[in-house]
4 protein chains.
Amino acid sequence: MKKLAYIEDLQQWMNEFSFSHGVRVRFSETDMFGHLNNTVPFVYFEEARIEFFKSLGFMQDWTQAGSNTIPVVADLQCDFLQQVYFGEELEVSVKAQQVGTSSVDLHYLGRKGNGEPCFVGRGRMVQLNKHTGKGEAWSEEQRNLFLSRETLKK
Amino acid sequence: MKKLAYIEDLQQWMNEFSFSHGVRVRFSETDMFGHLNNTVPFVYFEEARIEFFKSLGFMQDWTQAGSNTIPVVADLQCDFLQQVYFGEELEVSVKAQQVGTSSVDLHYLGRKGNGEPCFVGRGRMVQLNKHTGKGEAWSEEQRNLFLSRETLKK
Amino acid sequence: MKKLAYIEDLQQWMNEFSFSHGVRVRFSETDMFGHLNNTVPFVYFEEARIEFFKSLGFMQDWTQAGSNTIPVVADLQCDFLQQVYFGEELEVSVKAQQVGTSSVDLHYLGRKGNGEPCFVGRGRMVQLNKHTGKGEAWSEEQRNLFLSRETLKK
Amino acid sequence: MKKLAYIEDLQQWMNEFSFSHGVRVRFSETDMFGHLNNTVPFVYFEEARIEFFKSLGFMQDWTQAGSNTIPVVADLQCDFLQQVYFGEELEVSVKAQQVGTSSVDLHYLGRKGNGEPCFVGRGRMVQLNKHTGKGEAWSEEQRNLFLSRETLKK
């Protein structure tokens, strides 16, 4: 595997994930070349990211009616390491690599049933204030939730 | 082609469409069997239906911030007549087959470049009041808009 | 609930399902009206149908390299009974309502966590011969597999 | 707009695109937050990339039955600069930023109707030999096709 800018040591980086979400590749997610279409890992990233936020207790705030803040994806990237096929059961893991004032850099790891990575990625999310459209700093509680997950990692 | 419950005379039925929207089959819309995945014509139906409503001036009302009504799909069906392939340019036609008090039965026709039908369908839409969750009768103006389109047909 | 042409007695019809597949509504499957987009139940139908065929041992044949037959969707329909929201966990059930020479009429039932139906549907599948493009009669073994499932139902 | 690693001078970078493909945002591509779901620009990238390859005459080779080579996406990334809404008409531009032995680094630019960029991205594609699974060097003709497009740019 070639060196990726956002992963220093692959094995160590893989060991740092403590949250995973399982997905099974749908038939409608394959394309005429016979494998998982390249746009679908981003769907898996979103699903796993949301489950990650739910596990921290964030998502519930963001989707309730009167919420003043909304999470927004600033960027996303994916490196495709191996072809993935219909029916495969994948583990998609997520971790908060770096927590900024109102943003967080999330890293993603997709693994096949045999544990081999098939795609990896990252992307920055920002918590926006719905009214001002500007970044809304994480509360102390949110920051602690990120850190608690961090602690679980070790 | 076998007889479909919602089409009496195919040729006459096809002649009655006056609104069409073009789509080109995306690579990501194919599946590993090499053709358009069966879930995608419903995406095309929605796209064509919305363009149809836009052409009547309805959609603009429904998507504006303070709107009290919302269109809801009550049912949908599709008959797949021919396989469709990556890159094909299709014409998806829509017509209001029958206008009820607060609902409308829409019919759909997908045609290949050579004019042959590749999928046909229908589905009922209801205009709901957002607050009561009940059907909201079409206004005189909306009813006339449906009829005007009807007139264009002949 | 209004009477549907393909369901005689709803309660009895619901009792006849013995195969179910769970799905959780993805964020990307919602639309700007705030609920599950109407095209997505067809994706769930396909996923549940394939799991149903896998449970019978059919799908494995169809997706292996040298297979001479392929399953094709002839028609699909869905009645939307209740809005479905982000994050909901649904049970999508499938049964073979009627087995023809080379086709099968499948029925679908989507239920919310509280057991209430949120969408129902049906559609005919045909087993096609890849080389002739014509229907390929079910083998005795396939027919028995459908019936065995039938038996499980009771 | 913050500095992106793959864009030195935004204005110059934007001027270098000579191929564009138009898309209109579908209703089913929005999500419950009211804007284009973050996974969809990758669908647009694929659609525009394929149209770009078609314009060069590549895609036809890759999708014909006896083809020995297949294009594979090695990585993809997208920076989201502005929210995009239902019904917007976007221009998605593609250029070959750098041509390697058997790969090409493609850059993407999504623009709103007023010309403002709403998302930008890049990704490397590799031409693989189907039988060996290894990179297949671009032919002289393919290389010239990339360069011809390059020439058009200036």
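**Reading the interfaces and the rings**

Modeller: Between chain A and chain D the count is 0 salt bridges, a salt bridge being a side-chain nitrogen of Lys or Arg within 4 Å of a carboxyl oxygen of Asp or Glu. This is a predicted model, in which local features need pLDDT of at least 70 and side-chain atom pairs count only at pLDDT 80 or more, while totals for chains, interfaces and linings use all residues. Residues are numbered from 1 along each chain as its sequence is written, chains are lettered from A and ligands numbered from 1 in the order in which they are written, and side-chain values use heavy atoms, with hydrogens and water left out.

Colleague: What is the area buried between chain A and chain D?

Modeller: Buried area is the accessible area (1.4 Å probe) that two parts lose on being put together, summed over both. Between chain A and chain D the area buried is about 2,000 Å², with 59% given by carbon and sulfur atoms. For chain B and chain D the area buried is about 1,400 Å², and there carbon and sulfur atoms give 52%. In chain B, the residues that lose the most area to chain D are B:Arg24, B:Arg26 and B:Phe86, together 40% of what that side buries.

Colleague: How many salt bridges does the rule find across the interface of chain B and chain D?

Modeller: Across that interface the rule finds 6 salt bridges. One pair to look at is B:Glu47 with D:Arg26, which form a salt bridge whose closest N and O atoms are 2.9 Å apart. The side of chain B that touches chain D draws two or more residues from each of strand E1 (19–24), H2 and helix H3 (59–63) of chain B, and the largest share of that side, 7 residues, comes from H2(B).

Colleague: Turning to the rings, how many aromatic pairs does the structure hold?

Modeller: A pair of aromatic rings is described by the distance of the centres and the angle of the planes. Rings of Phe, Tyr and Trp (its six-membered ring) pair if their centres lie within 6.5 Å; planes under 30 degrees apart count as stacked, over 60 as edge-to-face and the rest as tilted. The structure holds 54 aromatic pairs over all chains. In one of them, B:Tyr44 and B:Phe119 have ring centres 6.4 Å apart and planes at 35 degrees, so the pair is tilted. Because B:Tyr44 lies in helix H2 (residues 40–56) of chain B and B:Phe119 in strand E6 (residues 117–129) of chain B, the pair ties together parts that are 75 residues apart in sequence. The rings of C:Phe42 and C:Phe45, with centres 5.9 Å apart and planes at 80 degrees, are therefore an edge-to-face pair. Both C:Phe42 and C:Phe45 lie in helix H2 (residues 40–56) of chain C, 3 residues apart, about one turn of the helix.

Colleague: Is B:Tyr44 buried or exposed?

Modeller: B:Tyr44 has 0% relative accessibility and so counts as buried, where buried means under 20% relative accessible area, exposed over 50% and partly exposed in between (1.4 Å probe, protein chains only). B:Phe119, at 1% relative accessibility, likewise counts as buried, and C:Phe42 and C:Phe45 are both buried.

Colleague: Where does C:Ser93 lie, and what does its side chain contact?

Modeller: C:Ser93 is found in strand E3 (residues 89–99) of chain C and, at 0% relative accessibility, counts as buried. Its side chain makes a polar contact with the side chain of C:Arg111 (3.4 Å). Leaving aside neighbours within four places in sequence, the residues in contact with C:Ser93 include C:Phe17, C:His107 and C:Tyr108.

Notes:
Helix = DSSP H or I, 4+ residues; strand = E, 2+ residues; numbered from the N terminus. Polar contact = N/O pair within 3.5 Å; in protein donor to acceptor, adjacent residues only side chain to side chain. Contact = heavy atoms within 4.5 Å.
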